[in-house]
Amino acid sequence: MVRIIGKYIRFNLAAAMEYRVSFLVQVLGMALNNSAFIFFWLLLFEKVGEINGYGFREVMLLWSLTAAGYGINEVFLGNGRFLSPIIYRGELDVYLLQPVPLLPNILCSRMNTSGWGDLAYGIVLFLLSQELTPLRLLLFPLLCLLAAFLFSAINVLYNSLTFYMGNAENLAGSVYNMVLMFATYPGTIFKGASTWIMHTLLPAALVIWIPTELILDFSWEKGLLLLGADGLMILLAILLFRGGLKRYASGNRMGTRL
Amino acid sequence: MGSLRKYAAIFRYTFRDQLAYMPAFITGQIFFVVIIFVFFSLWKVIYGTKVLLAGLSLSQTLWYLTFTETVELSKCRIFQTVQNEIKDGSIAYALNRPYSYYGFQTARAMGESLVKLAPIMVLGFLSALLFVGPLPGYLGALPFGLILIIGGLLLNTLWMLNIGLLAFWTEDVTPFYWIFQKLIFILGGMFFPIDLFPDWLQGTARALPFAYSAYWPALTMVSFSREAFLTGLAGQGIYIALLTLTGAALFRGALRKVHVQGG
């Protein structure tokens with residue numbers, strides 16, 4: 001499995017580098033695109049000082065984790081977003097025939113080039129905006145990886161609903177975008193029922209807010225709770241996908257993957 | 001006059017065409033309500049016990065953001081159509097037709113944008129009403145604000161057309177679109193009113209073209225004054241003219257790169 005993932009990465013990267021200028025424009029464009037939000041928060045914090053315990057540096061940490069986690073997901077697990085059309089067009093057949101574990105094979109087979117821009121942006125922003133300690137330097141990459149798995153689990157979970165209810169592409173896309181949006185705002189501004197939703201159905205808290213708290217003030221207790229919750233979410237996604245797979249009927253579609 | 005009629009017809013056809021997709025479009029706009037909810041949560045905390053910030057109340061700020069989002073979400077991403085037509089060569093079929101390609105795409109994009117505008121305005125109205133209550137003076141400001149919102153949509157359309165034309169020179173124009181979008185988000189006052197910017201930036205931001213897509217239309221709606229309306233209208237007129245001229249120059253330059261072979 002590791003070998004095939006390695007081959008996908010090499011192959012997708014080589015394909016992206018075929019159009020080198022386009023690749024660089026996309027990567028730099030995405031990094032510049034994200035930088036605009038630094039300016040937004042700078043202007044806002046200059047005016048209001050602090051927002052429920054979050055200052056400029058804390059919000060930049062939210063952004064670093066979100067951008068790097070999202071970037072890893074888009075680069076290495078980039079096909080998750082496209083799972084719905086793969087299911088309803090009957091394109092799963094192509095993957096089902098291959099002698100490798102199905103879900104990792106599907107997820108890794110696409111690389112979204114602009115994700116490199118997000119990944120680079122997240123790392124650079126973290127290094128430039130945060131107070132660096134050995135613990136933080138260790139935690140940041142681990143929590144980015146965890147965030148990437150969670151982003152991927154959200155994609156798999158909601159897109160797998162296509163097996164059960166027809167086309168869930170729009171719903172899954174909206175959920176992914178909403179989690180991304182909530183993740184980049186301080187969690188403390190939300191109150192009441194919405195915070196519950198953001199710990200469960202739209203788990204921005206699990207993907208970014210709690211990891212941010214861990215980097216700022218690490219505790220084993222919180223870390224283990226997060227690992228447990230993330231594990232549950234990933235397990236749920238896998239189970240929903242597997243259950244759906246039993247309902248999948250081949251579309252007789254002929255196709256090749258080039 | 002005759003030449004304008006054909007663009008009006010293109011506008012009408014697209015308008016009617018887009019109406020067919022209205023139910024799907026409206027259900028897809030749940031994201032808009034969520035954005036308004038996020039803004040409400042953020043600004044409620046920022047206002048705390050303050051009644052006014054830079055002359056605007058919490059209610060005015062949320063309504064302001066609803067209008068700037070309305071312009072943003074109603075726009076038609078015409079740069080993608082133009083880019084695709086350039087990449088696959090189908091633009092060649094449009095060149096020998098008795099209309100200007102630029103005028104055709106503008107009419108088409110505006111037809112789509114105006115169909116989207118109506119339900120988004122209604123959804124925005126209901127969301128803002130739910131979170132912060134009615135906006136005083138809404139009905140009085142509406143005719144003037146609507147003119148500037150449509151002007152803002154036209155400005156955005158022209159920006160995107162010009163960005164789409166860059167596909168003659170570069171493989172993928174999407175990054176240029178991202179940058180343009182973020183300039184509207186920040187300098188255009190889409191995420192928060194320019195009145196809250198630091199003093200050194202306010203004057204420049206108000207004069208830049210991006211403010212005429214977001215800030216001036218929204219300000220006219222939430223804090224109406226004849227002066228704000230006329231400033232917005234004049235600025236939109238100037239920038240629409242400048243962008244059209246730039247687009248025409250780009251298109252002329254691009255045509256030199258087109259090679260049509262066979263058929």
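**Exercise 1. Work out how helices α2 and α3 of chain A cross in this predicted model.**

Step 1: Start with the hand of the crossing. Helix α2(A) goes past α3(A) in a right-handed way.

Step 2: Residues 20-48 of chain A form α2 and residues 56-76 form α3; the two pack at an angle of about 160°, and their axes lie 10 Å apart.

Step 3: Name the arrangement. Angles over 145 degrees count as roughly antiparallel, so α2(A) is roughly antiparallel to α3(A).

Step 4: Find the residues that touch. From α2(A) come A:Asn34, A:Phe37, A:Ile38, A:Trp41, A:Leu42 and A:Phe45, while α3(A) brings A:Phe56, A:Val59, A:Met60, A:Trp63 and A:Ala67.

Step 5: Sort them by class. This contact of α2(A) with α3(A) holds 10 nonpolar residues, one polar residue and no charged ones.

**Exercise 2. Describe how α11 of chain B packs against α4(B) and then against α8(B).**

Step 1: Take α4(B), residues 58-74. Its angle with α11(B) is about 135°, and the axes are 9 Å apart. That angle makes α4(B) oblique to α11(B).

Step 2: Look at the hand and the residues. Helices α4(B) and α11(B) have a right-handed crossing. Here B:Gln60, B:Trp63, B:Tyr64, B:Phe67 and B:Thr68 of α4(B) meet residues of α11(B), among them B:Tyr215, B:Leu219 and B:Val222. By class, the contact of α4(B) with α11(B) has eight nonpolar, two polar and no charged residues.

Step 3: Turn to α8(B), residues 138-165. With α11(B) the angle is about 170°, and the axes are 7 Å apart. Helices α8(B) and α11(B) are therefore roughly antiparallel.

Step 4: Pick out the partners. On the α11(B) side they are B:Trp216, B:Pro217, B:Thr220 and B:Met221; those on α8(B) include B:Tyr138, B:Phe144 and B:Ile149. The contact of α8(B) with α11(B) divides into 10 nonpolar, two polar and no charged residues.

**Exercise 3. Describe the interface of chain A with chain B.**

Step 1: Count the residues. In chain A, 30 residues are in contact with 26 residues of chain B.

Step 2: Give the area. The two chains bury about 2,700 Å² between them, and 85% of that is on carbon and sulfur atoms.

Step 3: Find the main contributors in chain A. A:Phe40, A:Leu43 and A:Lys47 provide 19% of the area that chain A buries against chain B, more than any other three residues.

**Exercise 4. Where in chain B is confidence lowest, and where is it highest?**

Step 1: Begin with the whole chain. Chain B has an average pLDDT of 90, with 96% of the residues scoring at least 70.

Step 2: Compare the elements. Confidence in chain B is lowest in α2(B), residues 22-27, at a mean of 69, and highest in α11(B), residues 215-222, at 97.

Step 3: Keep a rule for reading.

How values were computed
Residues are numbered from 1 along each chain as its sequence is written. Chains are lettered from A and ligands numbered from 1 in the order in which they are written. This is a predicted model: local features need pLDDT of at least 70, side-chain atom pairs count only at pLDDT 80 or more; totals for chains, interfaces and linings use all residues. Side-chain values use heavy atoms; hydrogens and water are left out. Axes are lines fitted to C-alpha atoms, for helices over the stretch in contact, and angles run from 0 to 180 degrees between N-to-C directions. Helices (H or I, at least four residues) and strands (E, at least two) are DSSP runs, numbered from the N terminus. Angles under 35 degrees count as roughly parallel, over 145 as roughly antiparallel, 65 to 115 as roughly perpendicular and the rest as oblique. A crossing is left-handed if the near helix is turned anticlockwise from the far one by less than a right angle, and right-handed if clockwise. Contact means heavy atoms within 4.5 Å. Ala, Val, Leu, Ile, Met, Phe, Trp, Tyr, Cys and Pro count as nonpolar, Asp, Glu, Lys and Arg as charged, and the others, Gly among them, as polar. pLDDT is the predictor's confidence in each residue, from 0 to 100. Buried area is the accessible area (1.4 Å probe) that two parts lose on being put together, summed over both.
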